[in-house]
Amino acid sequence: MKAICKGMAVILVAGVSLAAVAAVPDFEPPQNRAVSLRIAHLGYLANTAPAAQALAYAQRLPRSITSDRDAIRAQIQLSHQMVGYGLLQQATTRYRRYLINPSTYLGASYSNAQRNALWLDLANAWHQHGNNQQAQAAIKRTYGLLPQALAGQRLSLMARIYISGGHSDRAIEALRKWQNRHQVEALAPLARYNMGIALLRSGHREEGAGVLNSVGTDKATGNAALALRDMANLTLGFAYLEAKQGATARALFQRIRLNGPFTDTALLGLGWADIAPDGQPQTWASAHIIHCADFSLSNLLHSYPLLRRLPSRGCGPPKRMDTTGKFDTVEGPETQKGRYEQALVPWLKLVKNGDQAGSATLEALVAIPYVYATLGAKRQASQAYTRALSHLVTADQQSKQIIGQLQADTTASPYATPAAEATFTWLKQRWNLPDSPAVNGQLRDMMNRARFHQAARNLRDLLALHGQLQANSQQLAGLASHAPHFSSALTDKQNTLLQQASALQKRTTTAIKQLDTYLRDVTLTATNRYQNKLEIFISHARAGRALLFEAINSSPQ
Amino acid sequence: MNSHTASASLRWCLLTALALAVTSTVAFAGPSGDSPHFKQQFRALDKQVRAIKADTIKLQAQLDTLREQAQYPARSRWIVFVTSGKVAADSLQSLALSVDGHRVASHDYSKQERKALEDQGAQRLYIGNLANGTHHVEVAINGKQRQLTFDVNKSTGPRLLELHWYSGQNDQPQMRHSGHADTP
């Protein structure tokens with residue numbers, strides 16, 4: 001045997017592509033190899049095939065082999081796929097069965113952290129699907145000492161669940177518990193963002209500002225992290241603008257990137273902040289836990305220049321540091337004229353480069369002529385009003401067209417096999433919507449909403465299932481003619497399955513219609529809201545222009 | 001309208017716009033602004049979709065079983081699985097299987113599939129019917145680079161063939177084969 005192998009190796013090393021003839025099997029397979037291969041095939045499908053295919057194969061495995069260690073490992077992988085496919089109840093049942101004590105089933109190599117990560121993933125999916133009760137139940141299944149990153153994820157999810165349920169106070173309580181053990185910066189930025197919002201909403205302005213400031217000053221990398229940083233600064237900027245603290249708001253808006261998803265809104269806010277009064281320097285507050293290993297006076301002084309007190313020297317229990325800081329401020333020009341002139345800079349930039357159908361651009365279009373009129377530049381004000389009205393009326397017509405099309409309830413090929421992903425372009429084509437900036441902007445906004453996105457994914461999945469069921473029914477009906485050994489027992493089974501497929505097809509068709517209607521209704525509601533806003537802008541622009549003409553006509557020549 | 005009234009009206013316009021800006025930001029900062037009606041509707045539909053998916057998978061499993069029973073009866077069923085040990089990365093690019101000179105299956109492997117094989121997965125390369133008796137099998141590995149040829153003696157009853165890709169002497173990847181009885 002060795003000689004044969006050696007010979008083969010020599011041939012391969014020499015790079016000669018010749019037939020290697022092996023007359024007999026040259027390795028001993030383990031017993032029950034047929035069963036092992038089927039389990040291994042399940043593992044292969046769990047990693048390579050679409051979820052539905054892998055799950056259908058899993059259903060076919062005999063129950064007797066489900067206690068096999070490899071089978072359980074494959075089942076856990078599959079449960080993970082189920083989560084992605086939306087079969088959350090089934091995944092929950094399997095996790096309850098297999099993740100109670102994974103080391104018993106799967107050996108010590110299967111760590112508690114892996115197990116907890118799976119439960120958290122499931123909890124997150126339940127939350128995405130709008131069931132916070134199940135999400136909380138899944139979170140409760142995590143146990144033991146979680147690594148800091150995982151603990152942060154758990155807290156972040158808890159906070160989202162509390163906030164979406166209107167319990168900001170509980171979210172804050174959870175944050176404070178975390179702060180007693182960790183540095184707040186160790187928490188994932190998204191969790192901190194949610195916490196900051198919860199604190200602001202419940203009136204803890206300085207503390208909320210401190211948490212949001214920590215997100216807004218993060219050394220973020222990657223698009224998502226940078227967008228979150230921008231969002232934190234934007235939220236803070238508008239909060240201080242609302243509180244008439246223009247100097248603080250200006251500095252916050254200026255932190256936002258000029259090429260990110262929030263650039264338009266930031267430019268709009270910056271213009272308003274330029275006009276707003278400067279106000280007083282604003283303070284933020286935050287709590288940090290200093291651990292022994294972190295203690296370094298120079299680092300602390302560098303990180304927290306406004307520390308009120310420093311921890312005592314030496315190792316000991318973690319110490320809570322209440323720190324405060326002041327936001328940077330950017331003072332505006334001294335005269336009102338200067339402020340108005342300054343506000344024009346970001347707004348003109350926004351109108352020139354921003355999303356032409358976006359709310360921020362539309363608002364800037366109306367604000368610009370107002371500023372010109374205030375500055376006494378009547379000719380520019382008149383031109384700007386004309387431009388704004390022309391733009392707004394076009395957007396209004398486009399949005400009315402969307403509303404009409406959505407109400408008409410026409411669908412191009414209602415059961416057409418969908419695109420690989422549920423995108424706004426796919427919905428636009430499905431609903432025969434025109435290709436305009438208003439449509440694109442509106443649908444893109446809708447897709448950014450978690451529930452809408454999930455509903456669109458569900459519609460896409462159902463359309464794929466619809467096609468699959470149709471193909472299955474045809475295949476089933478023609479099975480006897482293609483199969484040479486079709487017995488009467490198989491014919492009975494075939495008829496039963498055909499009936500089941502037909503019933504399922506009907507349910508799928510109904511659900512597709514309902515989902516389509518739901519998505520249309522949500523889009524229609526949002527488009528109506530957008531159109532109302534447009535009409536307000538149009539009426540303001542018309543009123544402003546009329547007042548301007550009146551002022552021009554009444555002024556002495 | 002005098003200039004004072006005009007100015008007041010414009011200021012109102014400004015304040016309304018400001019309020020809109022702030023409102024839009026508050027809405028954006030919080031959870032999506034769907035109404036409770038839409039939330040409820042979403043949950044009900046989502047539940048319905050999940051139930052349909054689960055039932056479709058069950059039906060698919062039954063259909064696959066029926067199809068296999070009908071098309072590949074136990075007495076002649078022959079399935080070929082591919083497995084792999086730890087081998088040099090990307091060493092398995094493609095396989096082509098021929099029986100008695102006829103090409104019956106071929107597959108080009110993706111990175112993900114190679115990884116799944118290395119993680120103790122098994123790919124079902126082929127399922128078909130094979131008459132009792134001796135058959136000549138050829139496996140072309142990575143195009144025509146290498147070839148494994150052997151004879152299979154098919155007896156009555158379902159049979160499996162396993163093609164195993166592994167690291168042989170001097171870490172050179174090789175393929176070996178083994179036959180097994182399958183469950184009816």
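Leaving aside residues up to four places away in sequence, D274(A) touches R250(A), R339(A), Q342(A), A343(A) and P346(A). With Q342(A) there is also a polar contact, side chain to side chain, at 3.5 Å.

R339(A), A343(A) and P346(A) are among the buried residues of α17(A), together with G338(A), Y340(A), L344(A), W347(A), L350(A) and V351(A). Residues three or four places apart on an α-helix point the same way, because there are 3.6 residues a turn. As for its length, α17 covers residues 336–353 of chain A, and at 1.5 Å a residue its 18 residues should span 26 Å; the end C-alpha atoms are 27 Å apart, so the two values agree.

Next come the aromatic rings. Such a pair is described by the distance of the centres and the angle of the planes. Counted over all chains, there are eight aromatic pairs. One of them is W272(A) with W347(A), an edge-to-face arrangement with 4.7 Å centre to centre and 70° between the planes. This pair ties together distant parts of the chain, since W272(A) belongs to helix α15 (residues 263–275) and W347(A) to helix α17, 75 residues apart. Both W272(A) and W347(A) are buried.

Chain B has an edge-to-face pair too: the ring centres of W78(B) and Y126(B) are 6.1 Å apart, and their planes meet at 70°, which is why the pair gets that label. Here again distant parts of the chain are linked, with W78(B) in strand β1 (residues 77–84) and Y126(B) in strand β4 (residues 123–129), 48 residues apart. How buried are the two rings' residues? W78(B) counts as buried because its relative accessibility is 2%. Y126(B) has 18% relative accessibility and so counts as buried as well, the cut-off being under 20%.

Rings also meet across the two chains. Y518(A), F38(B) and F42(B) are linked by ring pairs into a cluster.

Two backbone angles deserve a mention. Most residues other than glycine have a negative phi. N432(A), though not a glycine, has a positive phi, near 55°. This asparagine is in the loop between α20 (424–430) and α21 (437–447) of chain A, and its relative accessibility of 38% means that N432(A) counts as partly exposed. Q120(B) is another non-glycine residue with a positive phi, in this case near 70°. Q120(B) lies in a loop as well, the one between α3 (111–118) and β4 of chain B. With 60% relative accessibility, Q120(B) counts as exposed, because the cut-off for that class is over 50%.

As for the chains as a whole, chain A has 24 helices and three strands, while chain B has three helices and eight strands. Along the sequence, the elements of chain B run α-α-β-β-β-α-β-β-β-β-β. Of the 557 residues in chain A, 50% are buried; for chain B, with 184 residues, the figure is 53%. Taking contacts between residues at least 6 apart in sequence, those joining residues at least 24 apart make up 67% in chain A and 59% in chain B.

Finally, a word on confidence. The model scores ipTM 0.82 and pTM 0.77. Chain B has a mean pLDDT of 81, and 81% of its residues reach 70 or more. Which part of chain B stays under 50 in pLDDT? That is residues 1–33, for which the model has 47 contacts beyond four places in sequence. Where pLDDT is low, the predicted coordinates should not be read in detail.

Notes: Residues numbered from 1 in each chain as written. Chains lettered and ligands numbered in written order. Predicted model: local features only at pLDDT ≥ 70, side-chain atom pairs only at ≥ 80, totals over all residues. Heavy atoms only, no water. Helix = DSSP H or I, 4+ residues; strand = E, 2+ residues; numbered from the N terminus. Expected span 1.5 Å × (residues − 1). Buried < 20%, exposed > 50% of the residue type's maximum accessible area, 1.4 Å probe, protein only. Phe/Tyr/Trp six-rings, centres within 6.5 Å; stacked < 30°, edge-to-face > 60°. Polar contact = N/O pair within 3.5 Å; in protein donor to acceptor, adjacent residues only side chain to side chain. Contact = heavy atoms within 4.5 Å. pLDDT = per-residue confidence, 0-100.
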